[in-house]
Amino acid sequence: MVEEENGGVDPRLQAIKAAIRVVPHFPKPGIMFNDITTLLLRPKVFKDAVEIFVDRYRDMNISAVAGVEARGFIFGTPLALALGAKFVPLRKPKKLPGEVISESYVLEYGTDSLEMHLGSVNRGERVIVIDDLVATGGTLCAAIKLLERVGADVIECACLIGLPKFKEDVSRETFTYKLVIQGCKGDKIITGKQPRFDEAW
Ligand SMILES: O=P(O)(O)OC[C@H]1O[C@H](OP(=O)(O)OP(=O)(O)O)[C@H](O)[C@@H]1O
Ligand SMILES: Nc1ncnc2[nH]cnc12
């Protein structure tokens, strides 16, 4: 969560939270779908969301932003441009034409894989992974694994929305929306289907 020095919460987060629509029972019964398309219709709020990420990563010597298809592309490309970093799309299967590596993962509502072009990130590069939302963390873990397989230094993963302990919370009407910035090193998110969220939320 973005906190100001006096301990208050960044006021931009309130507008971000308010701009995200929650659609019950989409795409399956029981899923509370967090729809960022309503936020995208509000340019000021969209800009604030991107700027929060830019503020955090501006001085961290990031050379690549890896965005998760599809919604991670929306926030990842303006972030990469603002940082002067390259943008690396992590795509769903069979979309990338070159030589790829691939990682499978389990989703809140299914299974999927992510692929990355070999040669897009070099050993030792400082990379951040960006997506709109973390639920189980399976997608982010797959992204981290892909990048670490080619020797990248994954500095952090950043998402706009966190669904902490989503299994318990999924029946509730309200979720907490925060800017979630998870460290991927140390013992926070690294590998596995159930990364630990507690420390960052
Ligand atoms: O933390 P997890 O449980 O892994 O879930 C989070 C992922 O699920 C959503 O994407 P989705 O796979 O629905 O694809 P889309 O962006 O193409 O709609 C979301 O944008 C994240 O990428
Ligand atoms: N509840 C949710 N809303 C939007 N995207 C998601 N991806 C996984 N769970 C999701």
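## Helix α1 against helix α3

In this predicted model, α1 and α3 are oblique to each other. Helix α1 covers residues 12-19. The two helices pack at an angle of about 130°, and their axes lie 9 Å apart. Angles run from 0 to 180 degrees between N-to-C directions, and axes are lines fitted to C-alpha atoms, for helices over the stretch in contact. Oblique is what remains after roughly parallel (under 35 degrees), roughly antiparallel (over 145) and roughly perpendicular (65 to 115). The crossing of α1 and α3 is left-handed. Handedness is left if the near helix is turned anticlockwise from the far one by less than a right angle, and right if clockwise.

From α1, the contact takes Arg12, Leu13, Ala15, Ile16 and Ala19. From α3, it takes Val45, Asp48, Ala49, Glu51, Ile52 and Asp55. Contact means heavy atoms within 4.5 Å. By class, α1 with α3 brings together seven nonpolar and four charged residues, with no polar ones. Ala, Val, Leu, Ile, Met, Phe, Trp, Tyr, Cys and Pro count as nonpolar; Asp, Glu, Lys and Arg count as charged; the others, Gly among them, count as polar.

## Helix α3 against helix α4

Helix α3 spans residues 43-57, and helix α4 spans residues 71-83. Their axes come within 9 Å and cross at roughly 50°. Helices α3 and α4 are therefore oblique to each other. Their crossing is right-handed.

On the α3 side, the contact residues are Phe46, Ala49, Val50, Phe53, Val54 and Tyr57. They meet Ile74, Phe75, Pro78, Leu79, Ala82 and Leu83 of α4. The class count for α3 with α4 is twelve nonpolar, no polar and no charged residues. Ala49 is listed in the contact with α4, and Ala49 is also listed in the contact with α1.

## Gly76 in helix α4

Gly76 sits in helix α4. Its relative accessibility is 0%, so Gly76 counts as buried. The cut-offs are under 20% relative accessible area for buried, over 50% for exposed and partly exposed in between, with a 1.4 Å probe and protein chains only.

Leaving out residues up to four places away in sequence, Gly76 touches Val65, Phe87 and Ile130. Tyr105 is 29 residues from Gly76 along the chain, and their C-alpha atoms are separated by 21 Å.

## Loop geometry

The loop between β1 (21-24) and β2 (32-35) holds Pro27. A cis peptide bond joins Phe26 to Pro27, with omega about -5°. His25 belongs to the loop between β1 and β2 as well. Though not a glycine, His25 has a positive phi of about 60°. Its relative accessibility is 55%, so His25 counts as exposed.

Ala70 lies in the loop between β3 (64-68) and α4. Here too there is a cis peptide bond, from Glu69 to Ala70, with omega about -5°. Asn61 lies in the loop between α3 and β3. Asn61 is not a glycine, yet its phi is positive, at about 55°. Asn61 is exposed, with a relative accessible area of 61%.

## Overall fold and confidence

The protein has six helices and nine strands. These are DSSP runs numbered from the N terminus: helices are H or I of at least four residues, strands E of at least two. Of the 201 residues, 48% are buried. Among contacts between residues at least 6 apart in sequence, 61% join residues at least 24 apart.

The average pLDDT is 78, and 76% of the residues score at least 70. pLDDT is the predictor's confidence in each residue, from 0 to 100. Confidence is highest in strand β4 (residues 86-90), at 98, and lowest in helix α6 (residues 166-169), at a mean of 38. Residues 1-7 have pLDDT below 50, and this stretch has 15 contacts beyond near neighbours in sequence. Residues 165-201 also stay under 50, with 100 contacts beyond four places in sequence. The predictor gives the complex an ipTM of 0.98 and a pTM of 0.84.

## Conventions

Residues are numbered from 1 along each chain as its sequence is written, while chains are lettered from A and ligands numbered from 1 in the order in which they are written. Local features need pLDDT of at least 70, side-chain atom pairs count only at pLDDT 80 or more, and totals for chains, interfaces and linings use all residues; side-chain values use heavy atoms, with hydrogens and water left out.
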